[in-house]
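Subject: Structure handover

Hello,

Here is the structure I promised to pass on. Please open it first, then read the notes below.

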Protein chains: 2
Amino acid sequence: MNKDKPVDQNDALKQAKADFAQVRNEIDSVDQQLVDLIAQRQQLTAKVGVLKATLDLPLYVPEREQALIAKNRELARQSDISPDLVEDVIRRIMRDSYANQDRTRSQVSLSQSKRVVVIGGRGQLGSLFVRLFKQSGYPVEVVEKDDWDTSDELLSKAEMVMVAVPIRITNSVIKKLTKLNKDCLLVDITSIKDAPVKSMLNSHCGPVLGLHPMFGPGIENLAKQTIVVCQGRDADKSKWFVELLKTWGAKLALVNSEQHDRLMAIVQVLRHFSTVAYGYHLKEENIDLDKVLELSSPIYRLELIMVGRLFAQDSELYSDIIFSNKENIPMIKRFLERLLTLLQMLESEDKQAFAQLFNDVSHWFGEHSDEFLQESNLLLAKASDIRT
Amino acid sequence: MNKDKPVDQNDALKQAKADFAQVRNEIDSVDQQLVDLIAQRQQLTAKVGVLKATLDLPLYVPEREQALIAKNRELARQSDISPDLVEDVIRRIMRDSYANQDRTRSQVSLSQSKRVVVIGGRGQLGSLFVRLFKQSGYPVEVVEKDDWDTSDELLSKAEMVMVAVPIRITNSVIKKLTKLNKDCLLVDITSIKDAPVKSMLNSHCGPVLGLHPMFGPGIENLAKQTIVVCQGRDADKSKWFVELLKTWGAKLALVNSEQHDRLMAIVQVLRHFSTVAYGYHLKEENIDLDKVLELSSPIYRLELIMVGRLFAQDSELYSDIIFSNKENIPMIKRFLERLLTLLQMLESEDKQAFAQLFNDVSHWFGEHSDEFLQESNLLLAKASDIRT
């Protein structure tokens with residue numbers, strides 16, 4: 001065949017098909033190497049985990065993570081690929097590293113350990129803390145409903161008691177804790193804070209600390225998880241435990257207990273309340289859920305799954321949160337008034353008033369709204385990665 | 001030093017510190033190789049993009065993606081690392097591959113191209129379609145407000161006209177399109193469908209197709225994005241365009257235009273309406289946004305940024321969506337009734353009724369709620385990867 005003769009359409013297609021198969025084989029080979037490298041990296045970070053425990057270093061160090069990300073972004077630039085891509089890949093690999101390191105930590109025990117009792121330690125969140133204490137080498141005992149009558153001695157010898165029971169019985173459990181050692185640290189993890197902290201201060205004359213872990217029991221480890229800390233009494237005597245929480249990877253937010261409850265009336269109560277109402281509405285409208293999912297882009301799918309996920313969980317957990325906050329009813333009523341204001345604009349077809357209100361809110365959010373848009377776009381892109 | 005002599009605490013710490021530095025160096029070296037491999041993979045997938053265009057293959061093929069994921073999960077198992085980790089990493093790399101392939105596509109033009117006119121083609125969503133048509137080698141003309149008087153000839157020669165103007169003027173624009181060629185395909189991309197499709201059928205005697213792209217103008221390409229398709233007339237004559245949408249990577253959902261509008265009254269109207277109300281509420285309560293963010297775990301942060309992101313966008317877009325749907329007011333009123341039902345339970349402290357309602361909704365969601373919980377947990381883990 002003459003080299004200069006133009007190849008006909010068929011030959012070009014044949015060639016393209018052959019090239020296509022060849023390139024896909026090469027991609028497969030790259031993928032194999034990629035998996036090998038990730039495995040190698042995981043072995044190295046497992047070693048880091050053991051060394052961190054030996055050296056008593058925290059699981060999660062924001063500065064180290066940021067430095068490592070910056071270095072990798074620079075490598076990406078040098079290789080002429082997207083720094084965002086490399087950052088996302090490294091962060092994803094690091095997430096598993098934290099989980100591995102959290103597990104390997106148990107191999108080493110700390111020198112200064114205290115006798116801990118977790119009341120409700122077989123509950124969902126209680127058992128998470130029991131596991132973490134054990135991994136860090138603390139002797140932990142669990143007290144459950146049935147053990148109550150036989151736990152006096154255990155409690156009197158404890159150096160820390162954590163109350164990890166449902167909100168509705170928190171107060172009655174705390175009221176019984178009158179015979180703790182005066183140096184014992186008393187801690188609760190209820191999702192309201194003002195009443196439990198006051199109750200702990202009444203029952204116990206020693207150090208008191210209120211915690212609100214801002215996550216459910218589904219998490220694997222505390223890395224990057226937020227815990228709200230409300231000081232009760234003798235902050236210097238709870239410092240060791242606050243440091244331990246940091247070692248486990250948690251991010252701590254300090255507020256007083258009243259401020260906590262006010263903020264949670266919006267962050268948790270109103271949010272969960274309106275989500276329950278939204279799910280109830282979907283059911284009453286009897287919408288075709290499969291059809292809606294088929295029609296939904298990642299953003300609407302996300303909004304729908306954030307509603308539906310609630311109903312896979314314990315109704316008591318949510319009713320406790322909603323019913324126990326003192327600000328609940330006035331807060332919800334004010335929200336309803338605002339819905340009615342908007343509805344009136346709609347009924348009178350007053351687009352101008354709607355635009356004015358929209359812009360006022362936009363102004364109030366300030367730079368946050370742009371940040372939120374960018375952050376949620378990143379997340380929606382990740383959500384699209386999953387969907388096929 | 002005698003090998004058998006027990007090393008003292010200080011020596012052990014020194015050794016651990018030295019090991020720590022050494023392992024971190026090894027991690028850095030693995031990261032360098034990782035970046036090199038990702039770069040190599042991107043070069044290969046860019047080649048795939050050109051070959052796909054030559055062979056007229058779609059940008060996104062679900063089966064191919066699934067096979068590739070399955071293969072990589074198997075590789076992970078063989079290397080004793082988490083298949084989920086490898087899947088997430090590969091999917092993230094593939095997202096950039098789609099974007100690259102979408103860009104390289106422009107290098108090849110298709111044989112069968114049609115003369116396309118996009119009315120409103122300099123708008124946000126209109127210009128996205130103009131770019132996609134151009135990349136696929138279609139001659140595209142744009143008509144904007146000011147060109148209207150001089151566009152008669154352009155429109156009469158068009159083989160496809162896409163109406164990509166804001167909802168509030170869609171109808172008046174369609175009414176003017178009475179002189180199209182009888183074989184010209186008329187398409188709109190408004191987010192309501194019943195009125196525009198009927199209007200197109202009135203103005204034009206040829207093929208008609210209603211689209212609702214379920215995404216904003218921020219997306220990079222159509223890979224995995226949902227477009228709702230409502231058939232108007234002569235489906236066989238719009239088939240080429242439906243196929244083209246698939247080639248661009250879109251997932252198509254077919255419904256009739258009435259059903260579309262009913263579903264969107266929930267999916268879009270009620271959702272946006274209550275989000276606007278929620279943002280308005282936050283502003284009126286004048287909450288300390290920074291404090292709330294500090295206290296928020298990934299899930300509450302996500303809910304907050306999904307509210308705030310709305311207010312970084314165009315108020316007219318949202319007011320058009322909310323005000324133009326005929327079901328808007330009755331739908332919102334029914335939602336308000338449901339909120340009031342729940343509020344009454346709260347006021348009468350009827351936890352039992354609340355639990356009953358919760359469980360009824362849970363039952364109605366069926367298996368979906370568990371699926372949603374798992375899916376949202378995956379996504380929240382990804383959200384945590386980002387936050388530092």
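To compare the copies, they are superposed by least squares on the C-alpha atoms of residues with pLDDT of at least 70 in both. Keep in mind that this is a predicted model.

**How the copies are related**

Chain B can be laid on chain A with an RMSD of 0.1 Å. The move is a turn of 180 degrees, with a shift of 0.0 Å along the axis. The two copies are therefore related as by a two-fold rotation axis. Which C-alpha of chain B is nearest the axis? That of Val89(B), which lies 2.8 Å from the axis.

**Confidence**

The predictor gives the complex an ipTM of 0.81. The pTM is 0.81. Chain A has an average pLDDT of 90. In that chain, 95% of the residues score at least 70.

**The interface as a whole**

**α1 against α1**

Start with helix α1 (residues 9-54) of chain A and its partner α1(B). The two pack at an angle of about 160 degrees. Their axes are 8 Å apart. Angles over 145 degrees count as roughly antiparallel, so α1(A) and α1(B) are roughly antiparallel to each other. Their crossing is left-handed. By class, the contact of α1(A) with α1(B) has 20 nonpolar, eight polar and eight charged residues.

Next, take helix α13 (residues 328-347) of chain A, which packs on α9(B). The angle is about 125 degrees, and the axes are 9 Å apart. That makes α13(A) oblique to α9(B). Is the crossing of α13(A) and α9(B) left-handed or right-handed? It is right-handed. From α13(A), the contact uses Arg334(A), Phe335(A), Arg338(A), Leu339(A) and Leu342(A). From α9(B) come Phe273(B), Val276(B), Ala277(B), Tyr280(B), His281(B) and Glu284(B). By class, this contact has seven nonpolar, one polar and three charged residues.

Last, look at helix α14 (residues 351-365) of chain A and helix α9 (residues 257-285) of chain B. Their axes come within 9 Å and cross at roughly 55 degrees. α14(A) is thus oblique to α9(B). α14(A) passes α9(B) in a left-handed crossing. On the α14(A) side, the contact is made by Leu357(A), Phe358(A), Asp360(A), Val361(A) and Trp364(A). On the α9(B) side, Val276(B), Gly279(B), Tyr280(B) and Lys283(B) take part. The classes are six nonpolar, one polar and two charged residues.

Best wishes

Definitions and conventions
Residues are numbered from 1 along each chain as its sequence is written. Chains are lettered from A and ligands numbered from 1 in the order in which they are written. This is a predicted model: local features need pLDDT of at least 70, side-chain atom pairs count only at pLDDT 80 or more; totals for chains, interfaces and linings use all residues. pLDDT is the predictor's confidence in each residue, from 0 to 100. Axes are lines fitted to C-alpha atoms, for helices over the stretch in contact, and angles run from 0 to 180 degrees between N-to-C directions. Helices (H or I, at least four residues) and strands (E, at least two) are DSSP runs, numbered from the N terminus. Angles under 35 degrees count as roughly parallel, over 145 as roughly antiparallel, 65 to 115 as roughly perpendicular and the rest as oblique. A crossing is left-handed if the near helix is turned anticlockwise from the far one by less than a right angle, and right-handed if clockwise. Two residues are in contact if their C-beta atoms, placed from the backbone, lie within 7 Å. Ala, Val, Leu, Ile, Met, Phe, Trp, Tyr, Cys and Pro count as nonpolar, Asp, Glu, Lys and Arg as charged, and the others, Gly among them, as polar.
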